[in-house]
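Dear colleague,

Please have it open while you read.

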Amino acid sequence: QVQLVESGGGLMQPGGSLRLSCAASGSIFSIAAMGWYRQGPGKQRELVARITSGGKTDYGEDYGDSVKGRFTISRDNAKNTVYLQMNSLKPEDTDVYYCNSKIYSSTSRWNEYWGQGTQVTVSS
């Protein structure tokens with residue numbers, strides 16, 4: 001059974017940095033892409049960034065220009081892990097961040113999986 005395990009969230013002062021990690025495990029044949037989304041209470045879940053197994057990156061347009069130059073997505077294919085490096089954090093970055101991945105497994109073929117969400121709080 002495929003599972004996504006997130007870590008790295010927490011409380012940080014403005015201007016600080018966090019690195020979110022998401023590791024996929026289970027009967028995995030292939031991972032097409034992994035990414036990070038954010039969602040606040042009563043809001044739509046929106047893309048922050050995603051990366052394919054080949055290294056192509058995309059940053060969510062709806063997330064706005066505020067993350068450009070501050071957030072960087074990367075991955076370690078050997079570890080089935082995706083990272084979101086979050087620098088120069090601002091209070092507006094506060095939200096719940098969810099890992100997402102499209103994975104081909106022995107039991108479910110192609111399917112999308114979500115992590116449980118990790119809270120990022122930037123407090124001044």
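Strands β5 and β6 pair in the antiparallel sense, with 3 bridges between them, and in this pairing the partner of Ala 49 is Tyr 59 in β6. The two strands form a hairpin with 4 residues between them, and Gly 55 in that turn has a positive phi of about 100 degrees. Please keep in mind throughout that this is a predicted model, and that the values below are computed from it.

On β5 there is also a pairing with β4: 6 bridges join β4 to β5, which covers residues 46–52, and the two run antiparallel. Within that pairing Trp 36 stands opposite Ala 49, while Ala 33 has Thr 52 as its bridge partner in β5. The hairpin of β4 and β5 has 6 residues between the strands, and here Gly 42 takes a positive phi near 70 degrees.

Strand β4 is joined to β9 as well, by 10 bridges, and these two strands again run antiparallel. One of the facing pairs is Arg 38 with Tyr 97 in β9.

Turning to the charged side chains, how many salt bridges does the structure hold? There are 3 salt bridges. In one of them the side chains of Asp 95 and Arg 38 meet, at 2.8 Å from N to O. Because Asp 95 lies in strand β9 (residues 95–105) and Arg 38 in strand β4 (residues 28–39), this pair ties together parts that are 57 residues apart in sequence. Are the two partners buried or exposed? Asp 95 is buried, with a relative accessible area of 9%, and Arg 38 also counts as buried, at 10% relative accessibility; the cut-off that matters for this reading is under 20%.

Leaving aside residues up to four places away in sequence, Asp 95 touches Arg 38, Gln 39, Gly 40, Thr 118, Gln 119 and Val 120.

A second salt bridge is formed by the side chains of Arg 70 and Asp 93, at 2.9 Å from N to O. Here Arg 70 lies in the loop between β6 (57–59) and β7 (71–76), and Asp 93 in the loop between β8 (81–86) and β9, so the pair ties together parts that are 23 residues apart in sequence. Both Arg 70 and Asp 93 are buried.

The remaining salt bridge brings together the side chains of Asp 58 and Arg 50, with an N to O distance of 3.8 Å. Asp 58 counts as partly exposed, at 29% relative accessibility, and Arg 50 likewise counts as partly exposed, at 30%.

Methods
Residues numbered from 1 in each chain as written. Predicted model: local features only at pLDDT ≥ 70, side-chain atom pairs only at ≥ 80, totals over all residues. Heavy atoms only, no water. Salt bridge = Lys/Arg side-chain N within 4 Å of Asp/Glu carboxyl O. Buried < 20%, exposed > 50% of the residue type's maximum accessible area, 1.4 Å probe, protein only. Pairing = 2+ DSSP bridges. Contact = heavy atoms within 4.5 Å.
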